[in-house]
Amino acid sequence: MDEYTDLLPQARRGQPAFIALVIAVLRQVLDLRDLTEQLQTAFYLPEAEGEQLDMTGSICGCRRNTGETDAAYRARIVAAAMRNAWNGTNEGLRDLLAVYAPSATFRDNQDLTVTVTGTTLAPVPAGVRLITQ
């Protein structure tokens with residue numbers, strides 16, 4: 001707390017009621033900062049587990065299947081997030097793969113098939129067959 005109260009102007013440092021008020025407000029602010037950091041860690045998709053993963057999945061409209069492992073569910077959540085964010089264009093798919101599967105490559109075969117290497121999570125439009133390698 002001293003790191004913050006030391007920043008107060010010299011004229012205020014001798015006022016115990018003012019310092020008590022500043023400390024009370026700072027405690028609340030620091031508690032909120034700590035909570036925010038904990039929430040970010042708990043719901044960070046690559047590290048989320050159990051209930052946190054279930055809540056993250058529900059945000060993407062993806063419910064856990066009975067007996068599904070965290071790893072399998074996490075992969076489905078990533079696929080759902082990709083579908084939700086995709087604008088339906090080849091360029092948009094390339095952009096999504098760059099974020100969600102950086103080592104993946106994508107090719108539109110121009111025959112209602114799409115070839116993707118490095119992932120099985122690529123979204124494709126209805127009627128287009130996904131070929132994974």
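Buried means under 20% relative accessible area, exposed means over 50%, and partly exposed lies in between (1.4 Å probe, protein chains only). The model is predicted, so local features need pLDDT of at least 70 and side-chain atom pairs count only at pLDDT 80 or more, while totals for chains, interfaces and linings use all residues. Residues are numbered from 1 along each chain as its sequence is written, and side-chain values use heavy atoms, with hydrogens and water left out.

**Exercise 1. Determine how many salt bridges the model holds, and describe the one between E68 and R76.**

Step 1. Side chains of opposite charge can pair when their charged atoms come close.

Step 2. The criterion for a salt bridge is a side-chain nitrogen of Lys or Arg within 4 Å of a carboxyl oxygen of Asp or Glu. Under this rule the count is four salt bridges.

Step 3. R76, at 28%, counts as partly exposed.

Step 4. Salt bridges with shared partners also link D54, R64 and D70 into one network.

**Exercise 2. Classify the partners in the salt bridges D70 to R64 and R33 to D34 as buried or exposed, or in between.**

Step 1. The side chains of D70 and R64 meet at 2.8 Å, N to O. D70 has a relative accessibility of 24%, so D70 is partly exposed. R64 is likewise partly exposed, because its relative accessible area is 26%.

Step 2. In the salt bridge between R33 and D34, the closest N and O atoms are 3.3 Å apart. R33 is partly exposed at 39% relative accessibility, and D34 is partly exposed at 30%.

**Exercise 3. State the order of the strands in the open sheet, and explain why β1 and β3 stand at the edges.**

Step 1. Strands (E, at least two residues) are DSSP runs numbered from the N terminus, and two strands pair if DSSP finds at least two bridges between them.

Step 2. The open sheet has three strands in the order β1-β2-β3, with mixed pairing.

Step 3. β1 (105–108) and β3 (129–132) each have a single partner strand, so one side of each lacks a neighbour in the sheet.

Step 4. Strand β2 (residues 113–117) pairs with β3 in the parallel sense over four bridges. Within β2 and β3, V116 stands opposite T132.
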